[in-house]
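Thank you all for coming.

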Amino acid sequence: MNKIFELTQAESQRQKNSLNLIASENYPSPKVLSLLGSIWNDKYAEGYPGQRYYAGNVLSDELEEFVQSRALELFDPTGEYRVNVQVLSGSPANAMVYLTVLNLGDTVLSLDLASGGHLSHLHSTSSYLKFFKHQSYHLSRGPDGYELDVDDFNKKILEYKPKLVVLGFSSYPRKYEFEQYCQIAHRHGCLVLADIAHIAGLVAVGEHSSPFVSGDSGADFVTTTTHKTLRGPRSALLFAKNDHISAINKTVFPGTSGGPHLNQIAAVGQCLLEALNQDKYPDKLPFKNYIASVLANTRALEDGLVGGGVELTAKSQNHLTLCKLPENVDSLELQQRLESCGVITNRNAIPNDVKSPWKPGGLRLGMPALTSRGLSIAQANGLGQVLAEAILGKIDSSALQDYSSKLATSLAWWYE
């Protein structure tokens, strides 16, 4: 066995024997993984269906059109959207929108990074700031913790007159009311990009408001990754209203990209079939039931954390929770200590964070991956209690390792 296969086998065992609480990760079905390594990898299909530059693409055309049809079936009830399935990941999908609609010097408004925004939404480290300007909207304190501040959102639009408004997040535990924010942005002449990478699975089954709405109440563009709550491969979907899809397609190809990765497109199609209940994940549960379990487990995890004395930035309404760590807790050290005991998390900034980005003041936790392995509500609550003990220094590493190992062993593993 060579080094690559040794590492692959070791990574499989690491994943199997640990508790994955990273909100942006999940376990796709074995069918999804098999398609990533399938014969589709061998074919070059530069162009779009019916307009390929290479021969031998009759079946490639059929595949791409089939996956497009399933994406629209799952997400779009309006008939006003089309979808590009050739984008490779979420950040490039967002970039395709910027390059399509923005001119040099135009302004983008998006959620502040420390408030839960994403790096690809043109924050201070973005290379696109060489070309475009950026401003942020923020959160305010509500009865259930930090929430989107609609007044600040409206104020920032009036003040900065952005060409494009981004709705979406990476670490915001509350819900977006997409229709309200789309209406405000469109009223002031802004275009709207909704990034639903984290909540695509929730949107698909009606457990979160949808940006796929007719007229000015809907987003002009919608991007999503496919590997989070949608439980697919590492890839993306880029939706656009009918008036914009031609320009988007030209930006993707030939504007920025060459041949699409047909193996990814096939794997995305498989996860869409599973979300539509036209095929089954190994647990045989309807996709809606899976998402309901993700939400129930998130609430149970939070109950355990809060009961154990951990403060949250806000009560979760989705698949993730964001903990505010005690002032004396080093988030990097905590993350490394948890990992050494088989608990995989990620440190994260919190609203009004005064700590550095490298050692921020919070810990982000998510339930999609463990729910895919069959985690129960009782187990999620118990895990929250144990994590609270770990955060507050009330459990030693040996006991935490023992707990983690036993829980991981009790969960399903679909790859053997």
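When I say contact, I mean heavy atoms within 4.5 Å. Axes are lines fitted to C-alpha atoms, for helices over the stretch in contact, and angles run from 0 to 180 degrees between N-to-C directions. Helices (H or I, at least four residues) and strands (E, at least two) are DSSP runs, numbered from the N terminus, and two strands pair if DSSP finds at least two bridges between them.

This is a predicted model, in which local features need pLDDT of at least 70 and side-chain atom pairs count only at pLDDT 80 or more, while totals for chains, interfaces and linings use all residues. Residues are numbered from 1 along each chain as its sequence is written, and side-chain values use heavy atoms, leaving out hydrogens and water.

Let me begin with the open sheet of four strands, whose order is 13-14-17-16 with antiparallel pairing. Strand 13 (311–312) and strand 16 (346–348) each have a single partner strand, so one side of each is left without a neighbour in the sheet. Strand 16 is joined by three bridges to strand 17, residues 362–366, and there N348 stands opposite G362. Across strand 16 and strand 17 lies helix 11, residues 331–340, which runs at about 165° to strand 16.

The other open sheet I will show has seven strands in the order 4-12-11-10-9-5-6, with mixed pairing. Its edge strands, strand 4 (81–84) and strand 6 (133–137), pair on one side only.
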